[in-house]
Amino acid sequence: MSTPSPAALPIRPLTPRDLAACADLSENRGWPREEHKWGFLLTAGQGYGIDDPDGGLIGACVVTEYGRPGHPDLAAIGMVLVAEQHARRGIGRHLMRHVLAAQGATPLTLHATPNGRPLYEELGFKVTGRAEMLRGRFTPRGPEPEVSTRAATAEDLSAILRLDEEVFGSDRTPLLTRLPAFADQLRVAEEDGRITGFAAAWPNMDTHVVGPLIARDTRTAQSLIASLAAHTDRPLRTDIDVRHEELLAWAKERGLSSVAFNAVMTYGIPELPGDWQRRFAPLTVAAG
């Protein structure tokens, strides 16, 4: 069956019931199925999809909003995918224009692959940073930074949310309150009874993804990564802001290798809010 012109394709909201179709679409494009991540994003954010008359999805993406409910001050776009057999027909552009219209004046951000970046630039997104994806088995080398870390408890949640809003620059409560169920580990760094950082490790295929990673300084970030690595037998994966050169060098010395670089892009704002010096890695690049 021939595909109608992109402008004629209806776009509908996705729900968690579309999880399998989203995972199938990922697999169609050669990505891992990432069902655990898709389930999280479809619950915490709003998915948009285009149905294939022959079954499944032609295209999909997810938008995660931050700030007051109904009045977001930032939204992240991720998982923008078009089925291989329908690629290069303007469907990705059709989806993105739909999202831009739906978000109105809300500032936007996304992580762009080299292949996706030209489309986003055409739509008005600007490159404001870069993130380096690392992957590998973490191997301790000599004494690690002596910053106290421990498993987070329910009593830590309010302090984590306060710290995160200060560093991220927007309220991520709906996302972070899902972390204990989504992640296999959630740890905090602490000094004199005060939380100075936190990080999670969540399962994605055969790896544990480290994110978010929020920390007072590089030593604290190192301690959080080392403590997460000590409690898993899986390889680690994370996406670190390239401005954190010391942390990147430290991680590479301990077995993590560079996999790819993505451009951090914004729309409607000159740069991301918050404090980049304490924001080391996103929860997932799909959610900013």
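1. Helix H8 (residues 218-229) and helix H9 (residues 245-253) pack at an angle of about 30 degrees, and their axes lie 10 Å apart; helices here (H or I, at least four residues) and strands (E, at least two) are DSSP runs, numbered from the N terminus. The axes are lines fitted to C-alpha atoms, for helices over the stretch in contact, and angles run from 0 to 180 degrees between N-to-C directions. That angle makes H8 roughly parallel to H9, given that angles under 35 degrees count as roughly parallel, over 145 as roughly antiparallel, 65 to 115 as roughly perpendicular and the rest as oblique.

2. The model is a predicted one, in which local features need pLDDT of at least 70 and side-chain atom pairs count only at pLDDT 80 or more, while totals for chains, interfaces and linings use all residues. Residues are numbered from 1 along each chain as its sequence is written, and side-chain values use heavy atoms, with hydrogens and water left out.

3. Which residues make the contact between H8 and H9? From H8 come Thr218, Ala221, Gln222, Ile225 and Ala226, and from H9 come Glu246, Leu247 and Trp250, where contact means heavy atoms within 4.5 Å. These residues divide into 5 nonpolar, 2 polar and 1 charged (Ala, Val, Leu, Ile, Met, Phe, Trp, Tyr, Cys and Pro count as nonpolar, Asp, Glu, Lys and Arg as charged, and the others, Gly among them, as polar).

4. Helix H1 (residues 19-28) and helix H2 (residues 35-44) pack at an angle of about 130 degrees, with 9 Å between their axes, and H1 and H2 are therefore oblique to each other. In this pair, Leu19, Cys22, Ala23 and Ser26 of H1 meet Glu35, Trp38, Gly39 and Leu42 of H2. By class, the contact of H1 with H2 has 5 nonpolar, 2 polar and 1 charged residues.

5. The largest pocket holds about 1,100 Å³ of space. On a 1 Å grid over the protein atoms alone, a pocket is an open set of points with protein on both sides within 12 Å along at least five of seven lines, whereas a cavity is a set of points where a 1.4 Å probe fits but cannot get out, and lining residues have an atom within 4 Å of a point. Grid points are joined across faces, edges and corners, and a volume is the space filled by probe spheres set on the points. Of the 36 residues that line the largest pocket, Trp31, Val80, Leu81, Thr113 and Gly116 are the closest to its centre. Strand E4 supplies the largest share of this lining, 6 residues, and the lining as a whole divides into 19 nonpolar, 9 polar and 8 charged residues.

6. The second largest pocket has about 380 Å³ of space, and of its 23 lining residues the closest to the centre are Asp241, Arg243, Val264, Leu272 and Arg279. Here the largest share of the lining, 4 residues, comes from E6, and the classes are 10 nonpolar, 6 polar and 7 charged.

7. How many cavities of 30 Å³ or more are there? The count comes to 1, and the largest cavity contains about 50 Å³ of space. Its lining includes Lys37, Trp202, Arg237 and Asp239, and the largest share of that lining, 3 residues, comes from E11. By class, the lining of the largest cavity has 6 nonpolar, 2 polar and 3 charged residues.
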